[in-house]
Amino acid sequence: MLRTEVSLWDELVSELPVGVLLQDEQGAVLAGNALAEELLGVDRSEARDPSGALLPSCADLASQVLRTGAPLRIPMALPRSQVWAEFYPIALHGHARLLVLLRPVQSDVPHSAGLLDPLTGLPGRTLLFDRLAQALTRARTHGTLASLVVVDVHRLSEVNRAHGFEGGDELLTALAGRLRDGLRADYTVARYGGDEFAVVTEHQNGTGEAVADLVRELADRPVRVAGTRVRPGVRVCWVTTDGETPLHSVIAHVEERLRH
């Protein structure tokens, strides 16, 4: 492993009970502690997601996290271990970097840590990814289809400015309740990010367009925030797959559609 120029690196991280990596924007390792090296092993090309599909390359994962600016937490099945990998975008001396934390599944970190979003009570990203991975596996195995629908709440920042973060939280909580109550019980409705929700569905044929239309209709109704009626202003995108597409490729595709 390469060593960082910061002289206290070894003192700070060498004895931590988690693996720690510092990566550049291409996913190349700049520094890391011994536990990270032990957990990852020599051949990282065999890292897989819970569905058994190979994970994207280090460069692709780095690009996704730095592009969205949001932390990413995923389970990884490696030849020598199973770990939770947490990717955090940071800036170091003016350069984009990734801080990666690796936690062994068999450690005392609860397997369910971070599964539920504390504000809305919906599944968070970790549980969403797990549910999506399972849906992809079933689609691939049984010849069915899986759809991921993502809704972006455009006016959240405007509500935060006008009514404070409490107003924004009120808007998100109301939208979470609408989606949870308005969609089928066998759909997974999750908090995808700060201003985004996601829905995972499984079906025999067709696409996710019908679900996306229903999600749009539910989410874009006016919400009363601090005594004022606010229309959230949403953008909804979806992707449907037969399960042969790797989990992170599905996510990257729907995110790209959402941004354009």
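Start by selecting R125 and Y192: R125 lies over the face of Y192, at 4.5 Å from the ring centre. A charge sits over a ring if NZ of Lys or CZ of Arg is within 6 Å of the ring centre and within 35 degrees of the ring normal. Next, select R257 and W238, where R257 lies over the ring face at 5.1 Å from its centre.

This is a predicted model, in which local features need pLDDT of at least 70, side-chain atom pairs count only at pLDDT 80 or more, and totals for chains, interfaces and linings use all residues. Residues are numbered from 1 along each chain as its sequence is written, and side-chain values use heavy atoms, with hydrogens and water left out.

Now go to the helices (DSSP runs of H or I, at least four residues, numbered from the N terminus). Show α4, residues 125-142, together with α7, which covers residues 247-259. Their axes (lines fitted to C-alpha atoms over the stretch in contact, with angles from 0 to 180 degrees between N-to-C directions) are 10 Å apart, at an angle of about 115 degrees. That makes α4 roughly perpendicular to α7, a word for angles of 65 to 115 degrees. α4 passes α7 in a right-handed crossing, meaning that the near helix is turned clockwise from the far one by less than a right angle. Which residues of α4 make the contact (heavy atoms within 4.5 Å) with α7? Colour R125, F129, L132, A133 and L136 in α4, then L247, H248, V250, I251 and E255 in α7. This contact has seven nonpolar residues, one polar and two charged. Here Ala, Val, Leu, Ile, Met, Phe, Trp, Tyr, Cys and Pro count as nonpolar, Asp, Glu, Lys and Arg as charged, and the others, Gly among them, as polar.

α3 passes α7 in a left-handed crossing, the anticlockwise case. Pick out L61, Q64, R67 and T68 of α3, facing H248, I251 and E255 of α7 in the contact. By class, there are two nonpolar, three polar and two charged residues.

For the last stop, select α5 (residues 156-182) and α6 (residues 209-219), whose axes come within 9 Å and cross at roughly 140 degrees. α5 and α6 are therefore oblique to each other. The crossing of α5 past α6 is right-handed. L175, R178, L179 and G182 in α5 meet L214, V215, L218 and A219 in α6. That contact divides into six nonpolar residues, one polar and one charged.

Terms used:
Helices (H or I, at least four residues) and strands (E, at least two) are DSSP runs, numbered from the N terminus. Angles under 35 degrees count as roughly parallel, over 145 as roughly antiparallel, 65 to 115 as roughly perpendicular and the rest as oblique. Contact means heavy atoms within 4.5 Å.
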